[in-house]
Amino acid sequence: MKDLSLYRNIGIFAHVDAGKTTTTERILKLTGKIHKIGEVHDGAATTDFMEQEQERGITIQSAATTCFWKNYRFNIIDTPGHVDFTIEVYRSLKVLDGGIGVFCGSGGVEPQSETNWRYANNSKVARIIWVNKLDRIGADFYRVVKQVEDILAAKPLVMVLPIGFEDTFVGAVDLLTRKAWIWDDSGDPTNYHIEDVPTDMVDKVEEYRHQLIETAIEMDDDAMEKYLDGVEPDIATIKKCIRKGTVELKFFPTYCGSAFKNKCVQLVLDAVIDYLPSPTEVPPQPEIDLEGNPTGEFAIVDADKPLRALAFKIMDDKYGALTFTRVYSGKLTKGTSILNTFTGKEERVGRLVEMHANSREEIESAQAGDIVALVGLKNVQTGHTLCDPNNPATLEPMVFPDPVISIAVAPKDKTHAEKLGNAIGKMVKEDPSFHVETDIDSGETILKGMGELHLDIKVDILKRTHGVEVTVGKPQVAYRETVTKRVEDSYTHKKQSGGSGQYGKIDYVIEPGEPGEGFIFESKVVGGNVPKEFWPAVEKGFRLSTVKGVLAGYPCLDVKVTLTDGGFHAVDSSAIAFELAAKAGYRQTVPKAGPQILEPIMKLDVFTPEDNVGDVIGDLNRRRGVIKSQDRGPTGIRVKADAPLSDMFGYIGDLRTMTSGRGQFSMEFSHYAPCPKNISEQVIADAAAAAEEKKK
């Protein structure tokens with residue numbers, strides 16, 4: 001039986017370029033998992049094994065690996081930082097027990113850090129904070145700690161203080177032991193020595209140590225009473241309090257260092273052991289029924305309980321589909337059958353492997369607390385529950401955002417057409433935020449994703465990984481439609497042509513719903529003029545109709561339909577008659593209800609050197625952007641703005657030109673808002689032209 005108290009399932013997450021992958025490399029080197037450190041900028045990092053990752057120097061997909069530190073087993077997931085791939089962070093955090101939030105010492109709390117922090121809060125993941133890159137110009141540990149408090153509304157518990165800053169950074173003082181850890185400049189992570197606190201730091205160390213102890217002992221009434229009587233608790237008691245507060249998300253132990261220069265990584269590894277929870281210390285996963293309601297049962301982390309596991313990532317490689325799975329309770333053994341509660345079908349576990357980035361190690365079995373990959377499962381997708389066929393249960397599934405941008409692709413010739421179907425099938429399985437549709441009229445394949453980079457990478461994967469040559473159309477914006485007026489109306493569907501007829505009369509109100517509510521249906525019919533059994537048919541007719549708006553054929557959002565009255569025929573009325581009445585009623589009434597085109601508005605966070613801020617703001621104004629705030633940082637200005645997606649295509653090229661390559665930005669979907677009249681007219685004209693083209 002494995003000792004689960006020696007397990008740590010952790011993720012490393014941060015904004016783009018804060019040093020997550022470099023930190024992972026240092027951890028693998030220190031734990032003996034790799035012998036030569038690979039650098040991100042050389043395209044040689046262990047966990048960035050995709051060609052696209054090596055070329056661009058960014059992480060695109062999360063990578064899992066296992067290593068050991070002081071007899072503790074770490075299952076680590078290195079996640080992407082770019083906003084287009086947040087889905088990878090979300091699904092990794094969902095199955096982890098703890099995390100290391102990496103912040104850049106000079107960049108501080110950046111936009112993607114906020115999104116990832118929010119995901120971690122939602123998933124209730126305990127975290128420690130690692131302020132990295134303290135050797136960089138403009139790095140300031142104390143400023144980043146303040147930003148964590150102000151921007152993330154979190155409570156950082158400072159555990160170490162940096163010795164030196166920027167190019168004089170040499171190590172850190174451990175506040176608990178009052179010892180200074182100092183590294184030399186050889187770049188070897190093991191070349192360090194421990195000495196007393198530098199004399200010029202003694203007062204500061206005592207001040208921060210006092211704050212640390214006061215915060216920690218709030219978790220233990222006995223220790224607090226003694227402390228108030230003048231007795232300082234021993235280090236073991238303080239550590240126990242810090243662990244309790246960390247697991248309960250009361251505060252976040254905060255460390256600093258430089259992963260690239262190999263300084264202070266050991267302190268973070270020790271903190272993972274000391275303060276992050278083992279699988280048995282986190283709240284158990286709730287089980288739900290087929291309708292998604294909690295059953296009151298939980299997946300207890302125990303190898304002797306029935307099997308409960310969650311598939312959180314599908315990856316396709318040359319050996320077949322890999323299903324990354326977190327086992328919450330019970331055991332998973334090679335050769336046994338498991339039930340997928342989503343499909344209701346059983347599948348056989350052919351092979352079990354432990355992953356190290358893109359290499360693997362065969363294992364015979366896994367148990368509660370493990371993160372493993374299953375090879376060869378046919379119908380399992382992200383978020384599906386795998387369980388004991390004799391004792392079925394479903395775990396809470398994952399919810400993924402809708403794509404906001406699409407492009408049309410067409411295969412170069414017939415041979416590529418066959419390959420395209422297979423390749424896209426695999427890619428959709430791997431990435432739930434990537435959707436594909438086929439336009440029935442034109443036969444075009446429409447790829448939908450979270451941003452330009454997301455789709456750019458997908459087309460690249462099609463070409464290089466799957467060998468499919470495609471021509472790519474212009475990016476298309478996912479517009480929506482809605483109504484702006486309340487209209488009362490009536491429609492009668494009558495059909496009499498031999499045999500039994502069709503009859504359904506409905507009186508109804510169509511009006512705008514609340515933003516974000518989607519489609520709402522309500523019946524206020526009294527007295528049986530429209531019998532109750534036909535209400536679902538009326539709802540279905542209206543709901544299906546909202547898939548296509550009346551202006552340009554985009555889905556219709558936030559519409560409320562109230563059925564107020566109607567009429568029926570004892571013989572000729574049927575569910576289909578009332579469904580057809582609702583569909584015709586929608587087409588009749590929505591044009592009277594002030595239909596309007598909505599466009600996706602994106603939340604932008606733009607970093608620019610101070611000299612270029614005027615150009616950047618002027619350019620955003622031209623793109624119909626609304627500036628929300630400007631924050632001054634040590635190396636430039638961060639401009640926050642809202643801007644319509646349709647005006648943001650190609651922005652990264654323009655930003656780089658304006659800022660001589662130093663500008664950066666991130667963008668994520670915020671909300672839908674009404675289009676200005678001129679844009680609306682253009683969207684409607686384009687939709688009409690496209691429809692004409694299809695007819696030809």
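Strand 9 (residues 179-183) and strand 10 are paired in the antiparallel sense over five bridges, where strands are DSSP runs of E of at least two residues, numbered from the N terminus, and two strands count as paired if DSSP finds at least two bridges between them. Within this pairing, His-193 of strand 10 is the bridge partner of Ile-182. The model is predicted, so that local features require pLDDT of at least 70 and side-chain atom pairs count only at pLDDT 80 or more, whereas totals for chains, interfaces and linings use all residues. Residues are numbered from 1 along each chain as its sequence is written, and side-chain values use heavy atoms, with hydrogens and water left out.

Both strands belong to an open sheet of four strands in the order 7-8-9-10, with antiparallel pairing. Strand 7 (160-163) and strand 10 (192-196) stand at the edges; each has a single partner strand, and therefore one side of each is left without a neighbour in the sheet. Neighbouring strands of this sheet are turned by 25 degrees against each other on average, direction ignored, with axes taken as lines fitted to C-alpha atoms.

Aromatic contacts were examined next. Rings of Phe, Tyr and Trp (its six-membered ring) pair if their centres lie within 6.5 Å; planes under 30 degrees apart count as stacked, over 60 as edge-to-face and the rest as tilted. By this rule there are 11 aromatic pairs. One of them is the tilted pair of Tyr-142 and Tyr-208, at 5.8 Å centre to centre and 45 degrees between the planes. This pair links distant parts of the chain, with Tyr-142 in helix 5 (residues 141-152) and Tyr-208 in helix 6 (residues 202-216), 66 residues apart; helices are DSSP runs of H or I of at least four residues. Tyr-142 is partly exposed, at a relative accessible area of 26%, while Tyr-208 counts as buried at 16% (buried, under 20%; exposed, over 50%; partly exposed, in between; 1.4 Å probe, protein chains only).

Phe-534 and Phe-578 form a stacked pair, 4.9 Å centre to centre with 20 degrees between the planes. Phe-534 lies in the loop between strand 33 (519-523) and helix 12 (535-545) and Phe-578 in helix 13 (residues 575-589), so the pair ties together parts 44 residues apart in sequence. Both Phe-534 and Phe-578 are buried.

Ring pairs also link Phe-103, Trp-117 and Phe-252 into a cluster. Arg-127 lies over the face of Trp-117, at 4.3 Å from the ring centre.

Note on methods. Axes are lines fitted to C-alpha atoms, for helices over the stretch in contact, and angles run from 0 to 180 degrees between N-to-C directions. A charge sits over a ring if NZ of Lys or CZ of Arg is within 6 Å of the ring centre and within 35 degrees of the ring normal.
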